[in-house]
Amino acid sequence: MERMTAEKRVEELRNLLNQYNYEYHVLDRPSVPDAEYDQLMRELTQIEEQFHDLITTDSPTQRVGGEVLSAFEKVEHRIPMLSLGNAFNEADLRDFDRRVKQAVGEEVEYVCELKIDGLAISLRYENGLFIQGATRGDGTIGEDITTNLKTIRSIPLRLKQEFSIEVRGEAYMPKKSFEKLNLTKEENGEEPFANPRNAAAGSLRQLDSRIAASRNLDTFLYAIGDFSETGVSTHSDGLDLLENLGFKVNKEREKCANIDEVLQYVQKWVEKRPNLPYEIDGIVIKVNSLDQQKELGFTAKSPRWAIAYKFPAEEVVTKLLDIELSVGRTGVITPTAILEPVRVAGTKVQRASLHNEDLIREKDIKLGDYVVIKKAGDIIPEVVNVLVERRTGEEQEFLMPSHCPECNSDLVRLEGEVALRCINPKCPAQIREGLIHFVSRNAMNIDGLGEKVISQLFSHQLIHDVADIYHLQKDQLLELERMGEKSVNNLLAAIQQSKSNSLEKLLFGLGIRHVGAKAAKTLAQQFGNMDVLISATRDELTSIQDIGEKMADSIVAYFENEEARQLIDELKQAGLNMSYNGPMPVQAESMTSVLAGKTVVLTGKLEQLNRNEAKEKLEALGANVTGSVSKKTDLVIAGADAGSKLAKANELGIEVWDEEKMLEEFNR
C-alpha cells in the first residue's frame, strides 16, 4: 500500500471505528455487527504496523498499552475534587433547601442525578485530545491512571470538538461485569471482590492496563472542572455540553423546580434502584444555576450548592455465632460479631463491629442470638438490635476477659472511657497495628507495605518497631510470599523515598495518642523540627490554637518516654527527615500585605512561576485564591493569553494585575 493511500485509509478507519464505538458504548445503539467492527480494527492495526509513524495516541488501536508501569505518578488537581455533604432523610434535604434559598435570596432550581457507586475520576483534554486521567485521591492529589482509563470504551480519546477541558465523573463496573469477574475468580480459587465499587477501584489501580481492559468498566461523566471557559450558565447545560462532546452522561438526570420535586425524584429511585444495571448508593442534588453556585461557594470540605442523599440502609436478619476480640494500636479491645454469612447491600457479610462491652450490654446481645444487621452508609456492617422473641433459652451470656487476648496482660478501663485497654507497651498486637498505621497513606505513605506484608514481616521477626523498616534487606523481602524481584525493588524505593517526608507525616505515623493528621501538621508548622518539639513544655503546647490540655499532656508524656526518644534517634540515624518542609501557615506579619484577606483569581499563563507556586505564595500573604471570577472577587492576576476570566473582571470593574506586579508584591 502506498503511503498516501495509507494516510487516507487510516483517517477513514479511525473515524468509522470511533463512531461505531460511540454508538455501542455511549448511546447503547450499535449500528454494525461486532464482526464488522473487529475486521475494521484488524485492518487499521495492519496499516499502522506497516507505517509506524501514522500511529497517534488517539488511535482506537492504542487503548491498551503494551508496557507494564512500575508505579503511578502523583497528579495535583488544578481544581480540588471536593466531597459532598450528606443527607439521610427528608428533614436533611429540606434543611439544605432552606440554607440555599436563605443564601441566594430567591427561588432555586435543582438538578437531581443518580449517585453512581464507583471511583471518582478526572479527565483532561487539550484541543480535543485526551491527555491525562487521574483518581480523586485525597481531593488535592490523585494518581495518574491514564493508561487504564484509555481502556474504557465510553471515554473518548478525541472529542467531537477541539475543546480544552477538564471533566469529572465516575468509573464503575456494571453488575453483569462484576458477576462475571467474580465467577472467574472463584473458578481460579481466588478471593472474589466484595462489591462492584471495590472491583472498579482495584481494576483501575492495576499497573498492567491489559488487566484493566479485561474488566469491562464503564463511566458516567457528571461535571466540568471549570465552567468559566465553556459559555454555559447552568449545570444541566454543562451536562448537555458533555454529551455533545461525546461523553457518556447518565440519562436519568432530572431538573426539579423545588424541593418537593426533589423528594419525589428521590422516592422514585429508592424504589427503582434494584432494577438498574449498575449500583447506585444515593442521589446527588445540585443547584442548577452556576451564578447561584458561585454565590453559595464552598466550605473547607464541600460545596454549599450540592448535597448527596444517602439511601436508607438495608436491614437483614442473621445469627450471631461468636464474638471475637482484637487489640488495636492504642491497646483498645474491640469485640466483633461473627455471623452466619448473609448478603447486605449487595455483598456477603460475616462480621460486624460491636464497638465495646457497654454496647453489648445495652443491646442485650448474647451468643446464639438472631440479630438485625445493616451497613452504616452502605459500607460498615453493624448490629442494629436483637430479636428477643426468637430466643430458645440456649443463648449464652458473653463476658469480656480480664486479660489481653494477645499478651495476657491485665486489661484496664481508664477513667472516663468505655473501652477496655491493654497498657502493655510490648503487646505484639499493638506493635503490629502501630506498624500498619506508620506506613499508611496519611502517615509515611509507603506504597507496597500494606497490612499483609507488615504481618508477614512481623511474624518472621524481621521488624519489631518502625525503625526496623528502614533496615530491611532485599534478600529478606524476597523470602516473603508473593514478593518477586520487581515488587521488592519498588518497595525498597518507596521506603527510601519516605525518608524525605515532611515532619507532620512522621509525627502522625508515630501514633502519639490524641494527635491526628491535622494536629501533627500544626505541631510541625509551629515547632519546625523534631528536637524543638521534643523540648516543648506543656504551656508552650497549649498556647497553640487547636492543641488542648489532654493532647499536650499526651505529647509531653510521649517524649518523656525513654523508649520513644530512642526510637526517634534510630529513625534519625536511618536518615529520616526531622523537619517541616511544607507551606507555612499565614503569619501575623503577612497580614501587612495588601493581599491579606483579598479573594484572588489567577488566569492565563504565567512566565516565571507555575500556577501552584503562585497560589502558595498568595495564600502565604493571606489571600484566598479561587477558581472563578464573581462579584466577590477582589483581584484578578492575568498572565499571557488570559481569556474569559479577564473579560469578566473588566466587565465587573475588578482590579487586574499582571505577573510583574504580583512578583513585586512577593518581593516587598
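**Close-up 1. Cysteine 112 and cysteine 256 in the predicted model.** The sulfur of cysteine 112 lies 3.8 Å from the closest cysteine sulfur, that of cysteine 256, which is too far for a bond. The model shown here and in the other views is predicted. A disulfide is a covalent bond between the sulfur atoms of two cysteines. The cut-off for counting one is a sulfur pair within 2.5 Å, and the separation of 3.8 Å is too far for a bond. Cysteine 112 is also buried, and its relative accessible area is 0%.

**Close-up 2. Cysteine 422 and cysteine 407.** For cysteine 422 the closest cysteine sulfur belongs to cysteine 407, at 3.6 Å, again too far for a bond. Cysteine 422 is buried, with 1% relative accessible area. With the cut-off of 2.5 Å, the count of disulfides comes to zero.

Close-up 3. Strand β10 covers residues 280-287, and eight of its eight residues are buried. Strand β3 (residues 110-116) runs antiparallel to β10 and is joined to it by seven bridges. In this pairing, valine 111 stands opposite lysine 286 of β10. Strand β11 (residues 306-310) is also antiparallel to β10, with five bridges joining the two. Here glycine 282 has lysine 310 in β11 as its bridge partner.

**Close-up 4. The hairpin of β4 and β5.** Strand β4 (residues 119-126) and β5 run antiparallel and are joined by six bridges. Arginine 124 stands opposite glutamine 132 in β5. Two residues lie between the strands of this hairpin, and asparagine 127 takes a positive phi near 50 degrees. Strand β5 spans residues 129-135; six of its seven residues are buried, so the strand is largely enclosed by the rest of the structure.

**Close-up 5. Surroundings of aspartate 58.** Aspartate 58 sits in the loop between α2 (34-50) and β1 (74-76). Its relative accessible area is 12%, so aspartate 58 is classed as buried. The side chain of aspartate 58 makes a polar contact of 2.8 Å with the side chain of threonine 56. A further polar contact, at 2.6 Å, links the aspartate 58 side chain to the side chain of arginine 158. Leaving aside residues up to four places away in sequence, aspartate 58 touches Leu129, Leu157 and Arg158.

Methods:
Residues are numbered from 1 along each chain as its sequence is written. This is a predicted model: local features need pLDDT of at least 70, side-chain atom pairs count only at pLDDT 80 or more; totals for chains, interfaces and linings use all residues. Side-chain values use heavy atoms; hydrogens and water are left out. Helices (H or I, at least four residues) and strands (E, at least two) are DSSP runs, numbered from the N terminus. Buried means under 20% relative accessible area, exposed over 50%, partly exposed in between (1.4 Å probe, protein chains only). A polar contact is a pair of N or O atoms within 3.5 Å; within protein, one must be able to donate a hydrogen and the other to accept it, and residues adjacent in sequence count only if both atoms are side-chain atoms. Contact means heavy atoms within 4.5 Å. Two strands pair if DSSP finds at least two bridges between them.
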